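Reader: Hello! Could you take one part of this model and walk me slowly through how it sits against the rest?

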Amino acid sequence: MNTVQRCSEQIKNLIVLLESETAMLRNGELSGLQDHSALKLEAIKQLEASLQAISSDEEKAAIGPLMIRLDKLSNENGILLKSMFNGSRAAQAKLARLQQQEVSVGVYGRNGQAVCLEENPLLSGKTV
């Protein structure tokens, strides 16, 4: 297999990984992202080594369309990852604010002392 074919195959494999990761992000399936990151990193390292062996303009032109597609997918994927990260940070901040609000709100009795409320109070009542 020559250098152009090897690069083309590696680019196609990376495109498949990115498309899979993009689908996961769109579906909210975040559990497998760490595994995908490791696979992408390895694929990028292999592609980088192969791309260094390409020197002629003809070889560069042969893989050009695949590189353009890879660039578009990686940009889209980056936007989705950034959006997911920002959404996660916003949700964490909202939870922290709600927890802080919950701590600052209290109930007080007639004498002004704080009343402790239980989540599952015991029922007390008269039985006949």
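Author: Happy to; what follows is a close look at helix 1 and its partners.

First, a word on the source: this is a predicted model, in which local features need pLDDT of at least 70 and side-chain atom pairs count only at pLDDT 80 or more, while totals for chains, interfaces and linings use all residues. Residues are numbered from 1 along each chain as its sequence is written, and side-chain values use heavy atoms, with hydrogens and water left out.

Now the setting. The protein has 3 helices and 2 strands, where helices (H or I, at least four residues) and strands (E, at least two) are DSSP runs numbered from the N terminus. Along the sequence they follow the pattern α-α-α-β-β. Of the 128 residues, 21% are buried; buried means under 20% relative accessible area, exposed over 50%, and partly exposed in between (1.4 Å probe, protein chains only).

Let's start with the neighbour, helix 2. Axes here are lines fitted to C-alpha atoms, for helices over the stretch in contact, with angles running from 0 to 180 degrees between N-to-C directions. Helix 1 and helix 2 are therefore roughly antiparallel to each other, a label for angles over 145 degrees. The crossing of the two helices is left-handed, that is, the near helix is turned anticlockwise from the far one by less than a right angle.

Which residues make this contact? From helix 1 they include Cys7, Ile11, Leu14, Leu18 and Glu21, and from helix 2 they include Leu39, Lys40, Ala43, Ile44 and Leu47. Contact means heavy atoms within 4.5 Å. The residues of the contact of helix 1 with helix 2 divide into 13 nonpolar, 7 polar and 3 charged. In that sorting, Ala, Val, Leu, Ile, Met, Phe, Trp, Tyr, Cys and Pro count as nonpolar, Asp, Glu, Lys and Arg as charged, and the others, Gly among them, as polar.

Next come the charged pairs. Side chains of opposite charge can pair when their charged atoms come close. A salt bridge is a side-chain nitrogen of Lys or Arg within 4 Å of a carboxyl oxygen of Asp or Glu, and by this rule the count comes to 3.

One of them joins Lys40 and Glu21, at 2.7 Å from N to O. Lys40 lies in helix 2 and Glu21 in helix 1, so the pair ties together parts that are 19 residues apart in sequence. Lys40 is buried at 13% relative accessibility, and Glu21 is buried at 1%.

Helix 1 also reaches helix 3. Arg69 and Glu19 meet in a salt bridge at 2.7 Å, N to O. Arg69 belongs to helix 3 (residues 57–104) and Glu19 to helix 1, so parts 50 residues apart in sequence are tied together. Both partners are partly exposed, Arg69 at 42% and Glu19 at 34%.

In another salt bridge, the closest N and O atoms of Arg26 and Glu76 are 2.3 Å apart. This pair links Arg26 in helix 1 with Glu76 in helix 3, 50 residues apart. Arg26 is exposed at 54%, whereas Glu76 is partly exposed at 29%.

Leaving aside its neighbours within four places in sequence, Thr22 is in contact with Glu76, Asn77 and Leu80. Thr22 is buried, with a relative accessible area of 7%.

Methods:
Angles under 35 degrees count as roughly parallel, over 145 as roughly antiparallel, 65 to 115 as roughly perpendicular and the rest as oblique.
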